[in-house]
Structures are given as C-alpha cells and as structure tokens.
Amino acid sequence: MITYKFRLYPKKAEVEKLEIAKEVCRQTYNYLLAELNEGYTKNEIQNFLLDLKVVNPQMDNVHSKVLQMENQRLFGNLSSLSQRKKQGHKVGRLRFKGKNWFKTFTYNQSGFSLTHLKAKKGILWLSKIGEIPIKLHRQVEGNIKSITIKKSLGRWYASVVTDNVIKRVCGIGEIGIDVGIENYIYDSDGNAYENPKHFDNYHQELKIAQQSLSKKEKRSNSRIKARIKVAKIHERIANARDDFIHKLSTKLIKENKFIAIEKLNIKNLIGISYNAKNIADASWGKLSMYLHYKAENAGCVVQDVDPAYTTRDCNFCGHRNRKLFLWQRQFCCEKCNGELPRDYNSAINILARGKELASLEKASNTGQLVQQEASMKAEATTST
Ligand SMILES: [Zn+2]
C-alpha cells in the first residue's frame with residue numbers, strides 16, 4: 001500500500017460542502033460513541049446509523065459509506081485504546097470530539113474518482129460534494145482503495161491510499177554513510193550531500209515569523225494570525241524535508257546493493273542548538289527508516305553500524321588516533337600521515353565495519369542452520 005498526500009483547491013461552494021460533511025461526520029461519531037457507552041455491539045451500532053438519518057436530515061448531504069467509516073473509526077480507536085492499556089499505559093475512555101478535534105473523514109472503496117488532467121493538475125470528484133481541483137505532484141500508481149480528506153490550518157488535503165506495491169531494483173555499489181551537520185550525509189565514495197539550500201530560507205522565514213508572533217498581544221486576532229503563519233512555515237519545512245529524504249533514499253537504493261549507515265549517535269550533535277539537534281535527529285531517523293523499508297523491497301542490504309571511533313580510526317593503516325575536535329574537518333593520521341576529509345574517513349570506516357557485521361551475521365545464521373540440521377538428524381536417528 002502506498003499513501004500519497006495531495007493539496008486540494010476547493011472553491012467556495014465545495015468548501016461549504018466539505019465543512020458540512022466534516023461536521024456531520026463529527027456528530028455521527030459522537031452519536032455512535034454515546035451508543036457504545038450504552039453497551040451496544042458493533043453491529044447494533046452499524047444499524048443505528050440508518051435510524052440516525054431519519055433524525056438528522058443533514059446526513060443526506062454525506063456519502064453513506066463515509067458515515068459508515070465513522071463506525072470503523074470508533075472501533076479502531078477503541079482497539080488502539082485497549083492496546084495501549086495492554087502495554088501498561090494509563091488510559092481513560094474514548095472522548096467525544098469537539099469541533100477543533102475532528103479534522104478528517106474517509107471515502108472507502110467508493111464515492112470518488114480521480115482524474116489526471118495535464119502536468120500536475122487533476123480533478124478529484126467526491127460524491128455529494130463535487131469536483132475539486134487537486135495538485136498531483138506525484139504519479140498515482142495502483143488502484144485507489146480509500147481517500148481521506150483532511151483540513152489542516154485552513155487548507156484541505158487528500159490522502160490517497162492505493163494497493164500498489166512499488167517494485168524497486170537496487171544497484172551494484174557498496175557504500176558507507178556518515179551523517180553530519182556540515183553535510184547532511186557523506187558517503188564512502190567521497191560524495192557529500194548537502195541540506196538543500198532552500199531550507200536556510202525557510203528557517204530565516206520561520207525566525208522572522210516567530211519574532212513577530214512574540215511581539216503580538218495575548219488573545220488578539222493578530223496573534224492568532226501570526227501563530228497560524230508560524231505553523232504553516234513549520235509544515236512547509238516538514239514537507240520539504242520529507243521530500244528531500246524520499247528522493248535521497250531512493251537514489252541511494254537505486255545505486256547500491258549494500259549500505260552501511262551509522263546508528264544515530266549523540267557525538268555528531270554536540271555543539272549545535274537544541275532545536276536544530278531535534279530536527280536533525282528526527283530527519284536522520286527518517287532517512288534510516290526509509291532506507292530500511294525501500295531496501296527490503298529492492299533486495300538491497302542496509303546494515304546499521306555503531307559509529308564509535310569511526311572518526312578516529314585511520315582507514316589506511318587502522319591506527320586509532322587522538323580525539324578529533326569538531327572544528328577539525330580534516331583527518332590526518334598520526335602514524336601513516338594519511339589525510340582525508342574527516343567525514344570521508346568515517347564513511348569508509350563505517351562501510352568496512354558494516355561489511356564485517358553483515359558477514360558475521362550471515363555466518364551466525366548459517367551456523368544456526370547447520371546446528372538445526374544436526375539436531376534434526378540426531379532426533380531422526382534416535383527415533384528410528
Ligand atoms: Zn594511518
């Protein structure tokens with residue numbers, strides 16, 4: 001399954017219908033929750049939906065399957081609540097949803113169609129709502145299973161879920177990856193991948209917006225507006241970063257059959273601000289996650305590596321050098337005088353260590369197999 005997120009550009013009339021649908025779904029969810037609290041079963045509650053329609057004529061303005069999904073949502077929430085309880089978390093009861101806490105509704109299997117017009121333009125047709133322009137920045141592959149409509153910060157989005165499983169093909173290279181602040185990553189072939197330049201502009205924009213927010217009077221309208229502006233920039237940054245990580249991970253998988261990547265380590269993060277640290281931290285975690293799941297599909301191996309000493313060990317002679325300070329961007333071996341950019345040296349060490357780990361794991365797996373076979377044979381001989 002693949003999920004695509006697209007921005008919608010509804011006109012005024014459609015916005016009104018979307019708002020009504022969202023509101024009716026919210027009311028429906030709350031009605032059904034009240035029924036659940038009364039002790040009715042899932043099927044009884046499902047049937048109750050039909051009775052509701054008589055009471056609430058607004059429900060005719062919403063595609064019937066969309067309302068049925070509220071029943072599923074309710075029981076989905078219920079089961080995740082009990083799951084959390086099993087894990088030992090303290091949980092309360094399901095809550096009734098207030099207006100600001102209800103942001104999505106879902107078309108499942110029917111009641112929609114998506115047409116690609118030209119370039120990135122398309123039309124999403126939704127039953128009981130109509131046609132809405134949609135920006136298709138990615139090609140949708142596979143059959144659409146469901147579409148979830150979401151309102152976020154005054155904008156409308158569609159999450160399109162398809163049944164397609166992308167078949168990826170990996171390359172033939174082998175690389176080690178060092179993550180860093182100066183360069184986003186550095187690989188063992190000597191390639192540096194920088195953070196995209198436009199991130200700096202976004203962060204500058206964010207800083208200005210945050211400053212302006214802090215000057216606004218509490219509880220004023222202009223403060224609310226300023227807050228929304230800050231949130232929108234945050235969202236743009238998150239989207240741009242996600243896009244960057246998607247493209248980078250796809251490229252790395254396409255080129256390589258073996259990737260060693262350092263496990264996140266606080267050593268890289270010393271000396272940068274708390275905020276920047278959090279952002280960097282989260283984005284490397286995401287890169288590692290995307291690499292792992294794309295690799296699995298492509299037949300590529302991604303090996304996590306403990307990065308301890310990878311900056312200090314010389315990749316030419318193996319000598320462990322004294323500590324490198326963060327400002328020392330060049331690695332220079334005390335023993336053999338070998339010299340390389342610091343992160344390049346680390347990346348080569350990470351690749352070597354990754355390959356070692358991978359072959360050890362392979363050996364232990366085959367070892368286990370041999371053992372298993374031996375014990376099965378032993379069992380076979382004793383039983384005869
Ligand atoms: Zn050396």
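**Reading the side-chain features**

Modeller: Ring pairs link Y184, F244 and W284 into a cluster. Rings of Phe, Tyr and Trp (its six-membered ring) pair if their centres lie within 6.5 Å; planes under 30 degrees apart count as stacked, over 60 as edge-to-face and the rest as tilted. The model is a predicted one, in which local features need pLDDT of at least 70 and side-chain atom pairs count only at pLDDT 80 or more, while totals for chains, interfaces and linings use all residues. Residues are numbered from 1 along each chain as its sequence is written, and side-chain values use heavy atoms, with hydrogens and water left out.

Colleague: How many aromatic pairs does a search of the whole structure find?

Modeller: A pair of aromatic rings is described by the distance of the centres and the angle of the planes. The search of the whole structure gives seven aromatic pairs. One of them is Y4 with F6, which is stacked because the ring centres are 5.9 Å apart and the planes are at 10°. Y4 and F6 are both buried, where buried means under 20% relative accessible area, exposed over 50% and partly exposed in between (1.4 Å probe, protein chains only). The rings of Y184 and W284 have centres 6.4 Å apart and planes at 40°, so this pair is tilted.

Colleague: Which parts does the pair of Y184 and W284 tie together?

Modeller: Y184 lies in the loop between β8 (173–179) and β9 (185–187), and W284 lies in helix α6 (residues 274–298), so the pair ties together parts that are 100 residues apart in sequence. Helices (H or I, at least four residues) and strands (E, at least two) are DSSP runs, numbered from the N terminus. Y184 and W284 are both buried.

Colleague: Over which rings do the charged ends of K97 and R320 sit?

Modeller: The criterion is that NZ of Lys or CZ of Arg is within 6 Å of the ring centre and within 35 degrees of the ring normal. The charged end of K97 sits over the ring of Y29, at 5.6 Å from its centre. For R320, the charged end sits over the ring of Y309, 3.7 Å from the centre. Y309 itself is found in the loop between β12 (301–305) and β13 (330–332). Although Y309 is not a glycine, it has a positive phi of about 70°. With 40% relative accessibility, Y309 counts as partly exposed.

Colleague: Where is R219 found, and is R219 buried or exposed?

Modeller: R219 is found in the loop between α4 (198–215) and α5. R219 is exposed, with a relative accessible area of 84%. Its phi is near 60°, a positive value in a residue other than glycine.

Colleague: What separates R26 from E23, and D243 from K247, in their helices?

Modeller: R26 and E23 are three residues apart in helix α1, so about one helical turn separates them. In their salt bridge the closest N and O atoms are 2.9 Å apart, and R26 counts as buried at 14% relative accessibility. D243 and K247 are four residues apart in helix α5, so they too are separated by about one helical turn. D243 forms a salt bridge with K247, the closest N and O atoms being 2.9 Å apart. D243 is partly exposed at 37% relative accessibility, whereas K247 is exposed at 55%. Salt bridges with shared partners join D313, R320 and R353 into one network.

Technical notes: A salt bridge is a side-chain nitrogen of Lys or Arg within 4 Å of a carboxyl oxygen of Asp or Glu.
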